[in-house]
Amino acid sequence: ILKPRKKTVKEYQEKYEKLANVIFIQDINIYQLILQTDFHITVYSTCALEAPALGKQNILFNINDLSKDIFEKTLTNPKTSIFVNNLEEFNNLIKNIEVSDATDIMVEHGVILKPNYRRNIDLFIQKLGHE
């Protein structure tokens, strides 16, 4: 599943020959799309910071070291984010990885983005009211 951002679907289809197994999604936002997948796969999208907060594990495809340059110091937990360096590593990972429990991923990612935003804000406001 590919969510086009900088190119149109037509541009992808004209530039790349082997897209028979690619499904383009345009009619829902990226967060709704992430929620409907097993994994979030990217090179350097900032959605890599948000996907584990939605319960989805990242697979960061490290093309030209972009993934590691941007995220290696932040996304250090392999339970939330896995880096692969080439197609062979990616294929081996996909063949052997199991989908993790969404709640477990959110908890593990809590040091980056704390889950339950609305509840946390409500508690913060309540706490302010008692000071």
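**A conversation about the structure**

Reply: Let us start with Asp65, which is partly exposed, its relative accessible area being 43%. Please keep in mind that this is a predicted model.

Me: Where does Asp65 sit in the chain?

Reply: Asp65 is placed in the loop between β2 and α4, the latter covering residues 66-71.

Me: And what about the backbone there, what is phi of Asp65?

Reply: Phi of Asp65 is near 60°, which is a positive value in a residue other than glycine. Asn64 also has a positive phi, near 50°, and is likewise a residue other than glycine. Asn64 lies in the loop between β2 and α4.

Me: Is Asn64 buried or exposed?

Reply: Asn64 is exposed, because its relative accessible area is 68% and the cut-off for exposed is over 50%.

Me: Back to Asp65 for a moment. How far is it from Asn85 in space?

Reply: The C-alpha atoms of Asp65 and Asn85 are 8.0 Å apart, while the two residues are separated by 20 residues in sequence.

Me: Let us zoom out. How many helices and strands does the protein have?

Reply: The protein has 7 helices and 3 strands. Read from the N terminus, the order of the elements is α-α-β-α-β-α-β-α-α-α.

Me: What are the overall dimensions?

Reply: Along the principal axes, the C-alpha atoms fill a box of roughly 60 × 30 × 25 Å. The protein has 131 residues, of which 31% count as buried. It exposes about 9600 Å², and carbon and sulfur atoms supply 52% of that area.

Me: Now charges. How many positive and negative ones are there?

Reply: There are 16 positive and 17 negative charges, and their mean positions are 4 Å apart.

Me: How many salt bridges does that give?

Reply: The count comes to 2 salt bridges. One of them joins Lys10 and Glu14, with the closest N and O atoms 3.9 Å apart. Both residues lie in helix α1, which spans residues 9-15, and they are 4 residues apart, about one turn of the helix.

Me: Are Lys10 and Glu14 buried or exposed?

Reply: Lys10 counts as exposed because its relative accessibility is 55%. Glu14 counts as exposed too, at 60% relative accessibility.

Me: Which side chains meet in the other salt bridge?

Reply: The side chains of Glu108 and Lys79 meet there, at 3.7 Å from N to O. This pair links distant parts of the chain, since Glu108 is in helix α6 and Lys79 is in the loop between α4 and β3, 29 residues apart. Glu108 is partly exposed, with a relative accessible area of 31%.

Me: Then what polar atom lies 3.5 Å from the side chain of Lys56?

Reply: The backbone oxygen of Leu35 lies 3.5 Å from a polar atom of the Lys56 side chain.

Me: Where is Lys56, and what does it touch?

Reply: Lys56 is in the loop between α3, residues 47-50, and β2, residues 57-61. Leaving aside neighbours within four places in sequence, its contacts are Ile34, Leu35, Thr37, Asp38, Ala51, Thr80 and Ile105.

Me: Thr80 is on that list. Is Thr80 buried or exposed?

Reply: Thr80 is buried, because its relative accessible area is 2% and buried means under 20%. It is found in the loop between α4 and β3, the strand of residues 81-84. Beyond its neighbours within four places in sequence, Thr80 is in contact with several residues, including Lys56, Ile105 and Glu108.

Definitions and conventions
Residues numbered from 1 in each chain as written. Predicted model: local features only at pLDDT ≥ 70, side-chain atom pairs only at ≥ 80, totals over all residues. Heavy atoms only, no water. Helix = DSSP H or I, 4+ residues; strand = E, 2+ residues; numbered from the N terminus. Buried < 20%, exposed > 50% of the residue type's maximum accessible area, 1.4 Å probe, protein only. Areas by Shrake-Rupley, 256 points an atom, 1.4 Å probe, with all protein chains shown as cover. Lys, Arg positive; Asp, Glu negative; His and termini not counted. Charge placed at Lys NZ, Arg CZ, Asp CG, Glu CD. Polar contact = N/O pair within 3.5 Å; in protein donor to acceptor, adjacent residues only side chain to side chain. Contact = heavy atoms within 4.5 Å. Salt bridge = Lys/Arg side-chain N within 4 Å of Asp/Glu carboxyl O.
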